[in-house]
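I opened my notebook to go through one chain of this structure and to write down what I looked up, step by step.

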Amino acid sequence: MKVVGAADGPVVMLAHGFGCDQTLWRGVTEILASRFRIVLFDHVGAGASDPAAWDAERYAHMSTYAADIVDIAQELDLTDVTLVGHSVASMMGVLAATAAPDRFTKLILLTPSPRYIDDGDYRGGFSSEDIDELLESLDSNYLGWSASMASVVVNAPDRPELESMWTASVCRTDPACARVFARTTFLSDNRADLPGVPVPTLIIDSARDSLAPSQVGRFVHEQIPGSVRITLDVSGHCPQITAPELTAETIADFVRPS
Amino acid sequence: MIDDLDVEDLYENAPCGYLSVRPDMRIARLNSTLATWLGFEVDALVGTDFGELLTVGGRIHFETHFGPMLLMNGKLDGIALDLVTADRRRLPVFITANVKIDAAGRPVLIRITALDARDRRTYERELVQSRTRAELLAKTLQRSLLPPALLPPSGMTAAAHYRAASRDEVGGDFYDLFPLSDDCWGFFLGDVCGKGAAAAAVTSLTRYTLRAAAVYDENPVAVLQNLDSVLRQEFRDANAQFCTAVFGILSRTDTGFEVSMASGGHPPPLVLRADGTAHYVPMTGGQLIGILRHARFVPATVTLEAGDTLMLYSDGLTEARVGRGRYDDDGALLEFATAHAPATPAAIVDDLRLLLRSFGDGLADDAAVMALGVSPAPDSAESSEG
């Protein structure tokens, strides 16, 4: 967990999604740090998180990840937080903001999807077989993973300078944790949680995103009362990587309207 | 230019698939080797999304993991993905990529090579399957060596927890609790040297020997001597196999249970008293079971009254690495027991489970814990004054 940027600025907490760690927010953080107080963290099981905190059964539930987000805000005694959840973490954001609206006063969902699997008339874009295929791809690519790799990941230097705080081992995650995280997040269904979001919400989606297609962004927007939706003219699921300036400024405008 | 340095030919007919994509992942160009592998005309693919060449699961993996890594690190090395051909077959490849950037450091083009990985991936899938089978086998075997449920006598509760240090090897710790007669119960907790299949065989033999011996003998020391003879007889020619264990018999008294135990080289149990104190059962000095002629086993008897709990554990707990030392180097376990006393078996085992988890990688060996407790007197909780 790291807190960087303007100490007296509005608090922006950035939650990463599946497949990576807080490094994904590097570009956005560098742009926002002069104006905002940025809170970054790795979900338990990802990046440089403490391996001892991992529990395969507990972390098979979205609510556990969401509770961790609330815990961080409590531990740092943060209020008036804008919580930004990317991809699968957007629904963790929905759960966290609903549980603690006294701390999270604004919510930003970056390329969100409340349900990846098709269901009746709802088109999430995927089938459960596709998720099995993802797990298979994880297995194929973690063949070379060994215990020695884990220590590289854990050995995150705790240096405050912005330019040197990112770990060298970008997005390396223990395969056992990645499997649980993938299953939990991609098979979850949080559609029923959307109407209950009690705080102002901004949905940022990408014009061309095969993971969270346009109709899903529209669905989230329709389901969250009073939400605002901004579609960025970009491609891919990670606009904070492909278009960091645009993503950062869209976040900034919502946190502190100019 | 001489023929063998024809760059166009080197590109088009390279022994690997070669393509370049724009930062938005649209295909800018690909060589004829790759087009042939995929069964498409080159022109049919130019301008399409690279992700569409992948399986759906592979595309999710690429979008969430490899793509961001590629753009952040500027390269990718040897990742395994499946391409999908025109006739919907899967073509396993290894992908390597790097990013071409402009003067401002922005990506302008991504160069990707694909190596045919059909044979390698078949082999790797077999390896993964073998490992999965080995893990399943270890898990099943492990489960067969531990009781599916503990069956305490009425008036008593019991709880146990097992934490394996390794996912694909059977551990060497074991425990059980079982009825001998209406008022008499047997229990044990022990640790076989080593792990894996050889240790599992010893564990299995140890378990049924102890259960059978308990039926014929009421003296715990005699039960351990019986086990000692069996282990020495069984492994006399091969490598000696030995274990440590505490074996005990619970006998009902008017107000609780008398616990008659014997230890063979095993760390002494703890008693958590109803009054909030805790102490070790004095039974050190017993010798390893199965390798020594005339091994000596140490008896001890304690009584458990309402609210008292007996706690047994293996050295995986006490010898977990913490910092530069081991967990119990300075008496941490007795402190832990004292801090949690009084405690029901379920409560103390739950706390031990959290303690074991907190060791993380420091838990070098398997750890087993079992707690047996006399239920608190029903009126003691309600008889508080005022």
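Before I looked at any partners, I noted that two strands count as paired if DSSP finds at least two bridges between them. I also noted that this is a predicted model.

With that in mind I looked up strand S14 (residues 309-313) and strand S17 (residues 367-374) of chain B, which pair in the antiparallel sense over 5 bridges. Within this pair, I found that B:Leu312 has B:Met370 in S17(B) as its bridge partner. Helix H10 (residues 345-358) of chain B packs on the sheet, where it touches S6, S11, S14 and S17 of chain B, and its direction makes about 15° with that of S6(B).

I then traced the whole sheet, which is open, has 5 strands and runs in the order S6-S17-S14-S11-S12 (chain B) with antiparallel pairing. Strands S6 (156-163) and S12 (278-280) of chain B stand at the edges with a single partner strand each, so one side of each has no neighbour in the sheet. From one strand to the next, the twist averages 15°.

Last, I checked helix H6 (residues 197-216) of chain B, whose 20 residues reach 29 Å from the first C-alpha to the last, close to the 28 Å expected. Its buried residues include B:Val202, B:Thr206 and B:Leu210, and what covers the buried residues of H6(B) includes helices H5 (118-145) and H7 (220-234) of chain B.

Technical notes: Residues numbered from 1 in each chain as written. Chains lettered and ligands numbered in written order. Predicted model: local features only at pLDDT ≥ 70, side-chain atom pairs only at ≥ 80, totals over all residues. Helix = DSSP H or I, 4+ residues; strand = E, 2+ residues; numbered from the N terminus. Expected span 1.5 Å × (residues − 1). Buried ≥ 20, exposed ≤ 12 C-beta atoms within 10 Å, placed from the backbone. Contact = placed C-beta atoms within 7 Å. Axes fitted to C-alpha atoms, helices over the stretch in contact; angles between N-to-C directions.
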